[in-house]
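Me: Hi! Could you walk me through this model? I'd like to start with the ring contacts.

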Amino acid sequence: MLFDQSPQSGTSDSNANADEYRIKTEPYYRTVHDEVNLYEAAYKARMPMMLKGPTGSGKTRFVEYMAWKLQRPLISVACNEDMTASDLVGRYLLDKDGTRWQDGPLTTAARIGAICYLDEIVEARQDTTVVIHPLTDHRRVLPLEKKGELVEAHPDFQIVISYNPGYQNLMKDLKQSTKQRFGALDFDYPDPDTETEILAHETGVDRDTAGKLVEIAQRARNLKGHGLDEGISTRLLVYAGQLIAKGVDPRDACSMTLVRPITDDPDMRDTLDSAVAAFFS
């Protein structure tokens, strides 16, 4: 197929305003290692980036913080197994005026110079993820085959993907042809002192309560692979702290947010409930 920049049949809906996607207020992010400086260097090179780590370990918040810090618009996509290539790049739509082209989030980001964040990329079908390949090498282009247009990425455009490597054997993994187009940063749960500070800031609970929640999470994380598929995430700890700050009994808050969501096994629930009771008797 030949690609050009000329208008195709129907009208086009691709004049997105970058300001719509800017993060106006600073997201709270606590630097753990040197990830902020490393990402800034990668952005200066417009290097595609891959964030790897367990669920709820701060990958999405990190991208939001970096978009704010770099003053770039951010377009996020939650990937799923039903997502098609058209969901990413766009499609023709019918309305009362006839046919018009609607850019997808990836195309919009490429046009306006946004950071495009594809969250949990392995959830998408592999025949869908290959559409990002031309944007992740020296070409930096996005072919819109249905429209006959070749979109050249804005100089400020960057693509970022994330996924949880812990699920790669149980579900699916990225192809090497995709992985080797990205630089990568590893994420994990923060050290106890940092995680306690994050919880106190995000929820408003006192530091002692935040520390107890972190200790419960530490015990649960030690059970990963020994009855638990995944440990308690920082995100779930924030949920627990928010409930406690609202006056919910800590044991009930922990049962609701730290125990019930991660396991249905009666023995494992009893083990985690006992850990909670040990700290909040």
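Reply: Happy to. Rings of Phe, Tyr and Trp (its six-membered ring) pair if their centres lie within 6.5 Å, with planes under 30 degrees apart counted as stacked, over 60 as edge-to-face and the rest as tilted. This is a predicted model, where local features need pLDDT of at least 70, side-chain atom pairs count only at pLDDT 80 or more, and totals for chains, interfaces and linings use all residues. Residues are numbered from 1 along each chain as its sequence is written, and side-chain values use heavy atoms, leaving out hydrogens and water.

Me: Good to know. How many aromatic pairs does a search of the whole structure find?
Reply: Six aromatic pairs turn up. Tyr92 and Trp101 make an edge-to-face pair, because their planes are at 75 degrees, with ring centres 5.1 Å apart.

Me: Is Trp101 buried or exposed?
Reply: Trp101 is buried, with a relative accessible area of 1%, while Tyr92 is partly exposed at 27%. Buried is under 20% relative accessible area, exposed is over 50%, and partly exposed is in between (1.4 Å probe, protein chains only).

Me: Which residues form the aromatic cluster?
Reply: Tyr29, Tyr39, Phe62, Tyr65, Trp68 and Phe187 form one cluster.

Me: And which charges sit over rings?
Reply: Arg46 has its charged end over the ring of Tyr43, 4.1 Å from the centre. Arg221 lies over the face of Tyr189, at 3.9 Å from the ring centre. The test is NZ of Lys or CZ of Arg within 6 Å of the ring centre and within 35 degrees of the ring normal.

Me: Switching to pockets: what is the volume of the largest one?
Reply: The largest pocket has a volume of about 800 Å³. On a 1 Å grid over the protein atoms alone, a pocket is an open set of points with protein on both sides within 12 Å along at least five of seven lines, a cavity is a set where a 1.4 Å probe fits but cannot get out, and lining residues have an atom within 4 Å of a point. Points are joined across faces, edges and corners, and a volume is the space filled by probe spheres set on them.

Me: What lines that pocket?
Reply: There are 37 lining residues, and Gly56, Ser57, Gly58, Lys59 and Arg61 lie nearest the centre. Helix H9 gives the most, with five residues. Helices (H or I, at least four residues) and strands (E, at least two) are DSSP runs numbered from the N terminus. By class, the pocket lining has 13 nonpolar, 10 polar and 14 charged residues. Here Ala, Val, Leu, Ile, Met, Phe, Trp, Tyr, Cys and Pro count as nonpolar, Asp, Glu, Lys and Arg as charged, and the others, Gly among them, as polar.

Me: Last topic, backbone. Which residues other than glycine have a positive phi?
Reply: Among them are Glu120, at about 55 degrees, and Arg140, near 50 degrees. Most residues other than glycine have a negative phi. Glu120 is in the loop between strand E6 (115-119) and helix H5 (126-129), and Arg140 is in the loop between H5 and strand E7 (141-144). Glu120 is buried at a relative accessible area of 18%, and Arg140 is buried at 18%.
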